[in-house]
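Trainee: I am new to this one. Please pick a single part, look at it closely, and then show me what else is there.

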Amino acid sequence: MSALQRAEGMLPSMSIDPFVADARGWIPVNARLATARRLIAMSVTTVVMLIAVVALAVGGLPELGFVALLVGLVVLAWLWWLIGRQVRAIGYSERTDDLIVVSGILFRRLVLVPYGRMQLVDVRRGPLERYFGLATVQLHTAAATTDATIPGLPPNEAGRLRDKLAALGEQRSAGL
Amino acid sequence: MTEPRHTHPVTPLVTMVRAVPVLIFGVFVTGGGEATNVLGGLGTGGVIVLILVGVGIYAYFSWTRLTFFYDDDGDLRINSGVFVRNERRVQLSRLQSVDVTQPILARLFGLAELRPEVAGASSEGTKLQYLALDDAQQLRAELLARASGLRREEGAAVATAPEQVLVQVPSPHLLASLVLQPTTIFLVLLIPTVVAVAGVSGVWELGLTGILLVFAPVTVVGGQFLRYFGFTVAQSPDGLRLRFGLTSHRSQTVPPGRVQAVRIERPLMWKPWGWVRVVVNVAGTMGGEEGEDRPSVILPVAPLPVARTLLQQVLPGVDPFSVDLTPAPAAARWRAPLQYKQLGVGATPVAFVTRRGWLVPKWDVVPHARTQSVRLTQGPWQRWLGLATVSVDSTPGPVSIAALHQDARTARILAQEQADRAGLARRQAGPGQPESYPVASPTVPPPGIDSDLP
C-alpha cells in the first residue's frame with residue numbers, strides 16, 4: 001500500500017493541502033500580535049516615507065514627493081493587510097505525543113516537535129510584548145535547526161503552555 | 001581528590017617558539033620602525049627578543065597556574081589563568097569524545113594536546129596543552145574509562161582499551177578521490193576557461209591570473225591530502241577511534257552511541273570505483289567556528305561495502321540501502337531539474353533515509369530514536385507544482401536530512417509518520433537510556449567488547 005493510499009485511508013478529508021489542520025484545528029495566536037507588529041513595521045515605513053517626501057519637496061521635486069507619498073501609503077495599506085494575514089496564519093496544536101506549530105503564507109512551514117525531544121522551553125517578553133500583554137514561547141530540542149516559536153500568546157496561556165510542555169517533556173524525556 | 005598535575009614543563013618553550021613566526025610577521029608588517037624608536041634603537045631583532053621574553057614569562061606563569069586533577073566525584077577539574085582564574089569541571093558522564101592532536105610544532109617536541117569534548121561547551125577551556133604523547137594517550141584512556149563508569153583505583157594504571165583496525169585508507173586512494181572531487185574538477189576547468197577568455201579578449205593580465213589559478217586545485221587537494229593522510233578507523237570498547245593527518249596528527253574517539261546522523265556521499269566521478277565518503281553528526285559537538293576540530297568525516301573514501309560495515313558499527317542495525325526509496329514525483333523536475341532523479345525518501349524499521357544531490361548524491365540517515373523534530377515546508381513554486389519538503393532535524397553538524405520536493409499530498413503523512421516513529425522508538429528505548437535504541441540484533445557484533453578491560 002502506498003503512502004498516498006494510507007494517507008487517504010487515514011485522513012479522508014485531506015485534500016492536496018498538506019498544511020490542513022486535524023480535527024481539533026489550530027489554536028490561533030492573539031490578534032494583539034498583529035497590532036504590535038503593525039505598530040513597528042508601519043512606524044518605520046512612515047518615518048522612511050516622510051523623510052523621502054520632505055527631502056524631495058525641499059530638493060525641488062514636489063511631484064516626485066507626491067509619488068513617494070502615494071507609494072508610501074500603498075505600502076502601509078499592504079503591510080496592514082499582510083501582517084494581519086501572517087498573524088492569522090500562525091497556529092499551534094497540542095496533541096498527545098507532539099506539538100505542532102504552523103506559520104507562513106507564501107513560504108509555509110509546519111514543525112512537529114515530539115514532547116520527549118524538548119530540551120527546554122523559553123518564555124520571552126520584550127518591552128513591546130509586555131505593553132501589549134503578550135509573550136513568546138520557544139521550544140528547544142538538541143537540534144539547532146528546530147524552530148518552534150509561538151509568538152503572541154497571552155502571558156497566562158504562555159505560562160500554562162510552558163508548564164505543560166515541561167511536564168510532558170519530563171515524562172517522556174529520552175536523552176538526546 | 002587526586003594530586004594536582006601540571007602539563008609538560010616544556011610547554012612555555014613551545015608557546016614561545018609558536019609566537020616567533022607571528023612576531024616576525026607582525027614586525028615586518030608594521031615595519032617595526034616605531035617600536036624600535038621608542039625603545040631607543042634596540043633594532044628589530046632586539047624588539048622581537050624582548051617581546052619573546054615577555055611571552056615566555058607569561059607562558060611560564062600560565063604553565064605554573066594550570067593544574068588538573070580528579071575531584072571527589074571523579075570528574076576532571078582544570079584550574080587555569082594567570083590574572084583571571086578559571087576553574088573548570090569536566091563532568092565525565094557528559095564526555096562526548098577525547099581528542100589527542102599533535103600540531104606540527106608539538107610533534108617536534110614529542111608533545112601532544114588533549115581535548116576532552118563535553119556537550120555544549122567550547123573545547124577552548126578544556127584543552128590541555130601540552131602533554132608528553134604517552135601521558136596524553138594514558139590520560140585519554142583514563143578519561144574514557146572513567147566516563148564509561150570505571151573508577152580507577154589510586155595508582156593503578158588504566159591500559160588503553162584494545163582496538164581492532166576496521167579501515168585504513170591507502171594514500172593513492174585518498175589522492176585519487178580528492179582529485180576526482182567536483183570542487184577540484186571545477187577549479188581545474190576554470191584555468192583553461194580563464195586563459196581562453198584572456199586569449200579572446202586580449203587582456204593578458206587575465207591570462208596571468210589563469211596561470212596563478214593552477215595553485216587553487218593544488219592547494220585544495222594538497223590541504224585535504226595532508227589532513228586525511230593515513231586515515232585509520234579502529235573499533236575499541238571505548239568507541240570508534242579515528243587517526244589521521246600528516247603534518248598535524250589527530251586522534252579522535254567517538255564514544256559508542258553518540259552518532260546522531262550519517263551522510264554517505266558519492267561524488268559522480270567516484271561512481272566507477274564504487275567509492276563513498278561517510279560523514280556524521282556527533283551529539284554535543286557544536287558546529288561553527290571550531291567545526292574543523294570535531295569528528296565529522298569518519299571515512300574520507302572507501303568502497304561502499306567497507307562504508308556499510310562501518311555504518312553497522314556507528315549505528316547498528318541501520319542500513320539505508322535495504323529500503324527502496326520513494327522517488328520525487330515528476331513535477332519535481334520543474335523545481336529541481338538537476339537533482340530530481342536523485343530525490344528520494346524512505347524509512348527502514350530503525351531509520352529515516354533521504355537521498356538528494358546532483359554532482360554529489362548523498363544518502364542521509366537518521367535513526368527514528370534520534371529524530372529531534374520534523375519540519376514540513378512549502379514555498380510558492382512548490383505549492384504551484386504540488387510539492388512539499390519534509391526535513392528531520394538532527395543535532396548540529398554537517399548532516400542535514402531533507403526529503404526534498406515530495407508529493408504534497410503525502411508529505412504531511414510522511415512528516416506525521418516520522419514523528420510517530422520517533423515517539424515509538426523512544427518509548428521502546430525507554431527513558432534514561434540515551435545510548436540504546438531498538439535493534440533486533442546487531443549485524444556485526446562489536447569486536448573486542450569482552451576483552452581484558454581493567
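Mentor: Start with a term: helices (H or I, at least four residues) and strands (E, at least two) are DSSP runs, numbered from the N terminus. The model is predicted, so local features need pLDDT of at least 70 and side-chain atom pairs count only at pLDDT 80 or more, while totals for chains, interfaces and linings use all residues. Residues are numbered from 1 along each chain as its sequence is written, and chains are lettered from A and ligands numbered from 1 in the order in which they are written.

Our part is helix H2 of chain A, residues 32-58. Gly60(A) follows H2(A), with a positive phi near 85 degrees. The 27 residues of H2(A) reach 38 Å from first C-alpha to last, close to the expected 39 Å. That expected span is 1.5 Å times one less than the number of residues.

Now look at burial. A residue is buried if 20 or more other C-beta atoms, placed from the backbone, lie within 10 Å of its own. Leu33(A), Ala36(A), Arg37(A) and Val53(A) of H2(A) are buried. An α-helix has 3.6 residues a turn, so residues three or four places apart point the same way. The cover over the buried residues of H2(A) includes helix H3 (62-89), helix H4 (127-131) and strand S7 (148-153) of chain A.

Step back to the chain. Chain A has 5 helices and 7 strands. Their order from the N terminus is α-β-α-α-β-β-β-β-α-β-β-α. Of its 176 residues, 27% are buried. Two residues are in contact if their C-beta atoms, placed from the backbone, lie within 7 Å. Among contacts in chain A between residues at least 6 apart in sequence, 55% join residues at least 24 apart.

H5(B), residues 133-147, has 15 residues and reaches 21 Å, close to the 21 Å expected. Its buried residues include Ala136(B), Leu139(B) and Leu143(B). The buried residues of H5(B) pack against strands S2, S4, S5, S6 and S10 of chain B.

Chain B also has an open sheet of 7 strands, with antiparallel pairing, in the order S13-S12-S11-S17-S16-S15-S14. Strands pair if DSSP finds at least two bridges between them. S13(B) and S14(B) stand at the edges with a single partner strand each, so one side of each has no neighbour in the sheet. S15(B) and S16(B) pair over 4 bridges. There, Val345(B) stands opposite Thr354(B) in S16(B).

How values were computed
A residue is buried if 20 or more other C-beta atoms lie within 10 Å of its own, exposed if 12 or fewer, and partly exposed in between; C-beta atoms are placed from the backbone.
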